[in-house]
Amino acid sequence: VAAVVLTLLYDIGDAVAGISTGILARSTANPPAGEQAAVAGAMEILFRDPTKNLFFSVGIFAWIVALRAAAVALCWTGAPQAPLFLLALPVFFMSFDQAFSFGSLTLKSFFLAALGLELARRKRTPGEGGTDPVMVPASEGSR
Amino acid sequence: MSSNPVLRRLVLLGTPSVTTILMLLHPLPHEDITGELVPTASWWTALHTIQFVLFAIMGAAVWLLTKDYVALPRRPAKWRRWS
C-alpha cells in the first residue's frame, strides 16, 4: 500500500514541480517583459504551493513506511542483517532533498541494500544456489 | 514480474542505478528560481518526465523487495501470539 501511495503522490508532486515549471520556464525564452514577469510569478507559485508540497510530503512518508515495513518483513524471514541496516539510509537521505546530492544518495543506498538482498536471495533460493529453511519464496511456503 | 529473475533485477537494481545518475544531473533552483530554471528549462522538463516513469518503477522495486517471501517463521514469540 505504501509503495502505491509513494508511486502516486510523489509522482504527482514531482510532475507538478518539475514538468509544469519546465514548460513555463521554456515559454519565458523571448516573451514581452510583462508576460515574462507573470510566468516567473507562476513558477514561484508552483514551487511554493502547499498542495504540491503536501503531495511530496505524503509521498516521502510513504517511502519511509514502505522501506520500514519491508525491513521488518525481511527481518522476520531471516534475511541478512547488513542490507537491512542499509535500508535505513534511503529513509534518512530522503528526508532532506530529492536533488543532488541527497536524491542520488537515497537511491544509491537503496541500490546497495537491494543488491545485498538479491545476492542473499540468490544463495538461499532453491534452484538458484543453496537452500534455506527460513527465507522461503511465497510460492514455496504456500505448498 | 518476480518470476522472471532478469526482469526482477532490472527493476530492483537497474531503476535505482539509472535514477541515481539522473539525480546527479538534477538542477538546484533554490533562491532565484526563474533565473536558474530558464537556462536549463529543456533539460529540467525532460528530466522530470523521465523521473515520472522511473519513480513509478521505484514503487514496483520497493514492492519487489518483499514480494517473494513469506514473513512468519522468525517473528518473535510475543508477536506470534497475536496472529
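Which helix gives the most to the lining of the second largest pocket? In this predicted model, local features need pLDDT of at least 70 and side-chain atom pairs count only at pLDDT 80 or more, whereas totals for chains, interfaces and linings use all residues. Residues are numbered from 1 along each chain as its sequence is written, chains are lettered from A in the order in which they are written, and side-chain values use heavy atoms, without hydrogens and water.

**View 1. Lining of the second largest pocket.** Helix α3(A) gives the most to this lining, with four residues; helices are DSSP runs (H or I, at least four residues) numbered from the N terminus. At least two lining residues come from each of α3 (50–76), α4 (81–86) and α5 (88–94) of chain A. Among the lining residues are Arg68(A), Cys75(A), Gln81(A) and Phe85(A). A pocket is an open set of points on a 1 Å grid over the protein atoms alone, where a 1.4 Å probe fits, with protein on both sides within 12 Å along at least five of seven lines; lining residues have an atom within 4 Å of a point.

**View 2. Helix α3 of chain B.** This helix, residues 41–67, has 27 residues and reaches 39 Å from first to last C-alpha, close to the 39 Å expected at 1.5 Å a residue, where the expected span is 1.5 Å times one less than the number of residues. A bend of about 25 degrees occurs at Phe52(B), taken as the angle between axes fitted to the seven residues ending there and the seven starting there.
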